[in-house]
Amino acid sequence: MAVSTQDNFHAGELVAVLTTRPINRTLDYFSPEGGCQRGSFVEIPLGSRTHFGVVWGKGRGDYNPSKIRKVIRVYDIPPMQDELRQFLIAASQYTLTPLPAMLRLVTQGSRLSEPHPMQKIYRLGDRQPDRLTEARKKVLSLFNDDAERSFGRQEIRDVTNVTSSVVKKLVELGALIEDDIPRDRPFPRLDVNLPGKDLAADQVAAAQFLSEKLSEDTYCTTLLHGVTGSGKTEVYLEAISEVIRQKKQVLVLLPEIILTGDFLNRIKARFGVYPAEWHSGATAAERRRIWHMVCREKVQLVVGARSALFLPFANLGLIVVDEEHDTSYKQEDGVLYNARDMSILRAAIGGGRVVLSSATPSLESWTNAKSGKYHFLELTTRFGEAVLPTIRAIDMRTEKRESKRWISPSLCLEIKKRLQIGEQALLFVNRRGYAPVTLCRACGHQIGCSACDARMTEHRLSNRLMCHQCGETMPIPDSCPSCGAKGQLVPIGPGVERLAEEVEDRFPGARVATLSSDMFQSPDDLKAAIRTISEGGVDIVVGTQLVAKGHNFPLLTLVGVIDVDLGLQGSDLRASERTFQLMRQVAGRAGRVDKPGEAYLQTYQPDHPVIRAILSGNDADYWAAESYDRKLAGAPPFGRLVAIVLSGRDHYAVQEAGYRLKRNSENLRPSNTEVYGPVSAPIARIRGRHRFRLLVKAPKDVPIQNAIRRWVESVDLKRDIRLSIDVDPQSFL
């Protein structure tokens with residue numbers, strides 16, 4: 001982006017700097033020697049310390065000039081693009097989040113105050129060692145007699161599994177040359193000329209449509225809807241290729257980045273190199289490298305979790321939101337935002353393009369596509385020889401289930417059939433741990449968390465009880481904490497560990513793998529388990545929502561859902577939608593290659609509208625019915641919701657603050673707006689803090705944010721009481 005003269009500030013001029021400190025305004029400073037620009041990342045004095053910030057514009061001049069200090073230095077990185085600055089302002093206004101908190105999302109991982117790090121790399125020397133051990137051969141074979149190739153020490157160790165001493169000795173012998181290079185180095189360029197996979201006719205048509213829209217170089221959003229296994233990824237890889245040809249950058253957002261080894265391999269196969277990976281599992285050095293290369297346009301493709309949306313891209317042309325319906329895109333603490341919605345906002349401001357991809361779109365995206373606000377592409381058949389699985393219900397009212405057993409006789413029979421012919425089965429239960437409740441048979445006490453109004457989940461593999469709200473754990477007690485009775489504590493209900501225990505008992509000799517987010521020490525361990533399943537090293541998979549995240553298991557032909565009714569409970573307005581999406585996604589793991597698949601849903605409510613919709617396979621009818629119900633209720637996407645949560649240590653003080661807030665709403669809210677509450681939250685206490693909720697409901701076209709800002713500022717809260725505002729809430733706990 002060209003910088004106009006009005007964006008340049010000479011030495012000594014007054015500039016406004018936005019910092020990451022919780023000060024909800026810009027601060028005035030004098031521009032340093034050499035001047036600066038709007039968007040410059042700078043180091044400033046603030047109090048007795050130094051901090052970094054961004055030059056936001058011309059200084060306000062409303063402060064005593066004798067107390068104004070000078071910017072210490074301008075960091076040697078490109079200024080923040082005006083598109084990103086405008087996006088932060090718009091996102092701040094939409095989510096009612098202070099701008100400094102938004103800026104922190106941008107600067108996380110930048111490590112601006114640290115010196116440029118260096119790393120050692122190794123390339124082929126001009127001498128051969130006198131003695132070639134097996135370990136030395138492994139190392140030297142990496143280079144294939146190419147003196148230009150280089151590897152880091154960790155890369156060599158990862159590939160060859162040799163010790164550092166082997167590498168060090170090869171350097172001493174002259175077989176390798178050791179150099180120091182900047183760790184913040186450009187990423188390899190993608191080769192868009194490599195051939196992609198042969199696409200089916202509908203995939204070709206979808207890819208051509210996307211390419212035409214991308215070539216128009218104006219903002220647009222496209223919903224790419226396709227049944228599970230229909231090849232949506234291959235279609236948007238062609239869109240990525242088109243944008244890279246336009247010399248622009250691409251961001252692909254994934255809901256669970258640590259599970260995406262297969263996806264990254266597909267990127268490598270299509271473009272010859274791996275993309276940059278941005279997620280919490282990446283090292284601080286890796287995140288710093290990506291951050292600095294993104295703003296210098298030295299990386300073309302970033303694959304990341306939701307926070308990657310706030311990277312300072314120099315020339316962002318396309319954002320792909322894969323599995324756009326996934327609730328993981330909603331940030332539920334700190335800055336509350338939905339990465340899908342913010343992706344569209346960022347693209348609209350910068351003139352970029354968005355592709356939303358899903359087999360089970362959110363109702364919001366489906367509605368926008370059907371109304372013409374988004375372009376709509378649909379893939380109706382699976383890729384290649386694969387066909388969609390047959391989905392059936394097992395009516396648990398007629399099954400003769402044994403006590404403390406959760407797999408029905410009908411489902412057991414189907415599993416045995418798969419084992420006999422060497423195929424895999426998957427059993428899904430949406431509960432972590434061994435059992436969700438531990439009950440005392442003597443007094444009826446259910447063991448709960450001391451800091452939360454939540455029951456503790458038994459995790460038998462670690463022999464502990466855990467609160468899934470705050471993370472508190474305790475050893476499984478021998479006696480009841482309430483009445484002291486010994487030997488009377490029993491687990492109630494199945495979790496994934498208990499289901500795996502039943503599988504091992506019912507199917508002796510079967511190789512069983514359990515997939516749950518709290519059962520692996522590292523992302524690499526989880527990836528290794530998924531790879532083992534894909535390669536046929538497992539007969540029965542028992543898993544939670546992890547197994548519904550887009551995996552491709554070639555031998556998997558049977559899916560059994562243990563408790564499909566679980567998601568239909570509660571008052572969440574999206575319960576129906578989420579159950580429909582989850583069941584479709586889980587069932588879609590079956591029969592993804594050349595073997596037909598089947599999915600069985602164990603239910604006590606086979607006539608429930610959601611269950612019938614899942615079995616019918618007619619998604620359009622389901623979305624139409626769900627849209628009708630939401631429209632009648634004025635609920636999203638046909639209305640606006642804003643949740644306000646008050647929390648504090650004193651129950652009555654929080655409740656009174658809620659009542660005061662409700663009383664003040666009479667004069668400040670817009671017309672046609674309703675305020676419900678305050679009421680205790682469904683989980684009324686978390687980490688020792690009592691919680692009360694208010695819910696604001698308004699018509700879709702009401703500009704509600706400014707009114708809510710004025711409203712909440714009208715009530716003076718005690719120091720201990722916190723207030724959070726969640727625009728477009730996804731959770732109602």
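In this predicted model, Glu 497 is buried but forms no salt bridge. The nearest side chain of opposite charge belongs to Arg 460 and is 6.5 Å away.

Glu 497 is part of helix H13, which covers residues 496-506. Its side chain has polar contacts with backbone atoms. The backbone nitrogen of Arg 460 is reached by the side chain of Glu 497 at 2.9 Å. A polar atom of the Glu 497 side chain also lies 3.2 Å from the backbone nitrogen of Leu 461. When residues up to four places away in sequence are left out, Glu 497 touches Gly 433, Tyr 434, His 459, Arg 460, Leu 461 and Met 519.

One of these contacts, His 459, falls within strand E21, which spans residues 457-459. Strand E21 belongs to an open sheet of three strands, arranged in the order E21-E22-E23 with antiparallel pairing. Strand E21 and strand E23 (473-475) are the edge strands, and each pairs on one side only. From one strand to the next, the twist averages 30°.

The pairing of E21 with strand E22 (residues 464-466) is antiparallel and comprises three bridges. Within this pairing, Glu 458 has Leu 465 in E22 as its bridge partner.

Conventions:
Residues are numbered from 1 along each chain as its sequence is written. This is a predicted model: local features need pLDDT of at least 70, side-chain atom pairs count only at pLDDT 80 or more; totals for chains, interfaces and linings use all residues. Side-chain values use heavy atoms; hydrogens and water are left out. Helices (H or I, at least four residues) and strands (E, at least two) are DSSP runs, numbered from the N terminus. Buried means under 20% relative accessible area, exposed over 50%, partly exposed in between (1.4 Å probe, protein chains only). Lys and Arg count as positive and Asp and Glu as negative; His and the chain ends are not counted. A salt bridge is a side-chain nitrogen of Lys or Arg within 4 Å of a carboxyl oxygen of Asp or Glu. A polar contact is a pair of N or O atoms within 3.5 Å; within protein, one must be able to donate a hydrogen and the other to accept it, and residues adjacent in sequence count only if both atoms are side-chain atoms. Contact means heavy atoms within 4.5 Å. Two strands pair if DSSP finds at least two bridges between them. Axes are lines fitted to C-alpha atoms, for helices over the stretch in contact, and angles run from 0 to 180 degrees between N-to-C directions.
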